[in-house]
Amino acid sequence: MAKKKGRVFSGARPTGRQHLGNYLGAIKNYVALQDDYETIYCIVDIHALTTVETTQDLRQNTYEMALDWLAAGIRPEESIVFVQSHVPQVTELHTLLSMVTPLGKLTDLPTFKEKVRQNPKNVNYGLVGYPVLMTADIVLYKADTVPVGIDQAPHIEFAREIVRSFNYRYKTKVLIEPQMKATKVPKVLGIDGQKKMGKSLDNHIELAATPEETQKRIMQMVTDPQRIKRTDPGDPDVCNVFSMHKIFSPADEVEMIDTECRRAGIGCVDCKKRFAANLNKHLEPFRAKRAELEENPDHIWDVLHDGADRARKIAEQTMEEVRAAVQLP
Ligand code: SF4
């Protein structure tokens with residue numbers, strides 16, 4: 001087997017069934033990275049607690065998310081796939097890192113300010129320390145590579161600062177400064193054609209939806225707003241359906257739509273039906289694998305527990321080194 005280029009860590013909150021935005025923004029890349037890197041993928045349930053009001057769906061959401069990841073091609077025999085809280089060493093490292101992280105920097109972060117703005121009644125201590133826990137997630141597993149979109153670059157830079165502060169304070173090199181692997185993350189708009197695809201806005205298309213449900217959702221997609229009548233020429237460049245065609249449809253069909261839309265040679269209904277057919281075809285293997293995995297829910301939990309066992313081994317080794325560096329008695 002070829003030598004891997006490094007160790008990747010990435011985490012995502014347990015949001016249940018995944019949608020096209022999750023697939024194009026993260027999962028597709030997770031699958032591809034397995035070929036070149038040691039990969040560690042974590043469902044960050046503790047992070048979710050900073051904003052969720054109720055935890056009753058946490059377990060089911062974790063299960064559904066893991067199921068979708070595996071169905072999409074994450075290979076648990078290669079990748080470590082686990083749940084954040086199953087490796088409690090992360091909270092210990094979080095506490096130790098918090099001692100070298102200036103509070104003012106945390107409260108100055110635009111992401112923190114945005115969260116406060118969104119939810120002024122729930123500004124909790126965990127929310128302030130979120131970037132510290134995120135750093136602990138990465139460095140606990142000695143990951144040297146973190147795949148993120150360019151907009152996430154400040155978070156990784158901040159993680160690197162925390163690592164430098166820790167290593168400097170304790171005169172050690174035990175923690176690795178992670179590098180960002182800039183990943184081209186397409187901005188996937190929801191069926192409203194306006195906002196980023198997301199469950200909270202109910203503008204998403206679930207990967208696990210049936211072909212019929214998928215087509216129904218696609219038929220609701222907003223197209224070029226200037227195209228009111230079938231005989232109006234359209235502009236594919238401002239149409240979200242066309243953006244999706246470019247990802248999921250064969251090149252000759254994309255070219256045909258590009259030409260025909262502009263001279264009203266194709267209607268939006270036909271165009272959407274074509275997209276639905278192409279997307280459903282693309283998702284066939286995912287759905288087949290998902291159905292197979294779903295027959296044995298225990299298997300998903302076994303995968304997550306096995307992943308936690310493997311992650312815990314790395315974590316405990318790191319923590320032994322960290323405790324020694326800090327000179328905890
Ligand atoms: Fe969009 Fe297709 Fe309608 Fe053109 S024909 S506006 S690309 S849905």
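Good morning. Axes here are lines fitted to C-alpha atoms, for helices over the stretch in contact, and angles run from 0 to 180 degrees between N-to-C directions. Helices are DSSP runs (H or I, at least four residues), numbered from the N terminus.

The model is predicted, so local features need pLDDT of at least 70 and side-chain atom pairs pLDDT 80 or more, while totals for chains, interfaces and linings use all residues. Residues are numbered from 1 along each chain as its sequence is written, and side-chain values use heavy atoms, without hydrogens and water.

Let us take the helix pair. The axes of helix 10 (residues 211–219) and helix 13 come within 9 Å, crossing at roughly 145°.

Residues around the ligand (a heavy atom within 4 Å) include Thr 223, Asp 224, Arg 227 and Cys 268. Helix 11 (240–248) and helix 13 (268–294) each give two or more residues to this shell.
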